[in-house]
Amino acid sequence: MEELKGENRAEYGLSIIKKLSAELTKTYGKGFTKTNLYNFYSFYKYFPEIFHTVCGKSQRLLSWSHYRCLLQVKDSKARAWYEKEAYEQTWSVRTLQRNINTQYYHRTLQSQHKDLVKQEMNKSQTRKESIMQKKKLTATVKSQQKIAEGIYDLRLSTELAAEASAGQFICLYPKDKSTLLPRPISICEVDKEKETLRLVYRVAGKGTAEFSGLKEGETVEILGNLGNGFPLEKGAGKRVFIMGGGIGIPPMLELSKRLSAEKQIIVGYRDRDTFLKEELEQNGSVYVATEDGSVGSRGNVMDAIRENGLEADVIYACGPMPMLRAIKGYAQEKGIPAYISLEEHMACGVGACLGCVVKTKNIDSHSHVNNARICTDGPVFEAGEVDI
């Protein structure tokens, strides 16, 4: 650049100008002719901090007059924002200057903040509406019987049957007030015409022990329908595994009835008390695994898959956590989706208390951390989304 100030040989100076103009035009875009090269030199001399920080793309569009305007903006974030907007919106120098004078950047930030607040309010309203759709009401016992050691089959008459989906659950409230929390029990079967929900559960404590004593005609307080249920569309027309272990078997009965697919039903039991097996056989090919080897394959559901050489495109599963971890690993190894239903102790059942959370990849809109609420966001998750 100093060669431009030389007094010797004007022709040589002109050739230097042409070379510099060509090189600058190639590097920074159009507009560097010998007539405005001096302006470029002056700008570089007086505004080097802008020259070294401007984005490469905007150099091809914005003039040095734009950058002189940008010098007025002291906030580096605001300056970068104005530069980006001027480039993307093709602002003229006058438009840029007007937007700087009217604090357009800060007004936009305020507007964005208001939009975010509005979005959160809408989410909150949606959550309230979702809670309102869940009903706490009184159900009447139609029948109850013991179908295996510690396993009971309870049928309730309730209007909730009209909207129940496979994989959802309801909460039952014990009459004994010393048992504070309701008991979540998965829906085993739905009869919409007769408005009946079937629950198959294991007696595991004081609350479920009370339920096991319910007789025909008695009533119980329930809350439902809760949870998201299984995504039937993911497996429609494909080869699927429907996998249940222990008390995770009951919700797979309604799923096996509703799912239109090539169904391979793999169920795991402790021993020869294979409850619901005959009913599952009406909806697909059933493969049994028992811990003691008394029926089917010895071991667990994964042993049954290997022993029978089974393959699938999609997996649906519910059962104890070790089983679900094994299924998640299998699905990742095979590169197939697995939709798993998680079990957890719950308090409110509607997502307000955060008492039933699981670690996830995504940030929860309610708690703003990498958690999901099993009662509302689940209980069914794609296995890759949750940390189990």
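Which residues is M243 in contact with, leaving aside its neighbours within four places in sequence? Keep in mind that this is a predicted model. Here is the list: M252, I266, V301, M302, I305, I315, Y316, A317, C318, M323 and I327.

Now the core around that residue. The largest nonpolar core has 34 residues. F241, M243 and I315 touch the most other members. Which elements give two or more residues to this core? Three of them are β3 (169–173), β7 (219–226) and β8 (239–245). Then come α12 (301–308), β12 (314–318), α13 (321–334) and β13 (338–341). Helix α13 gives the most, with five residues.

Next, β3. What does β3 pair with? Strand β4 (residues 183–186) is one partner: the two run antiparallel, joined by four bridges. There, C171 stands opposite P184. β7 also pairs with β3, again antiparallel and over four bridges. In that pairing, Y173 stands opposite E221.

Last stop, helix α7, residues 93–101. Its buried residues are T95, L96, N99 and I100. Why do they sit on the same side of α7? Because they cover an arc of only 135 degrees around the axis. The face turned away from that buried side carries R94 and N101, both exposed. Just after α7, Q103 takes a positive phi of about 55 degrees.

Technical notes: Residues are numbered from 1 along each chain as its sequence is written. This is a predicted model: local features need pLDDT of at least 70, side-chain atom pairs count only at pLDDT 80 or more; totals for chains, interfaces and linings use all residues. Side-chain values use heavy atoms; hydrogens and water are left out. A nonpolar core is a set of buried Ala, Val, Leu, Ile, Met, Phe, Trp, Tyr and Cys residues joined through side-chain atoms within 4.5 Å. Buried means under 20% relative accessible area, exposed over 50%, partly exposed in between (1.4 Å probe, protein chains only). Contact means heavy atoms within 4.5 Å. The arc is that of the directions from the helix axis to the C-beta atoms. Two strands pair if DSSP finds at least two bridges between them.
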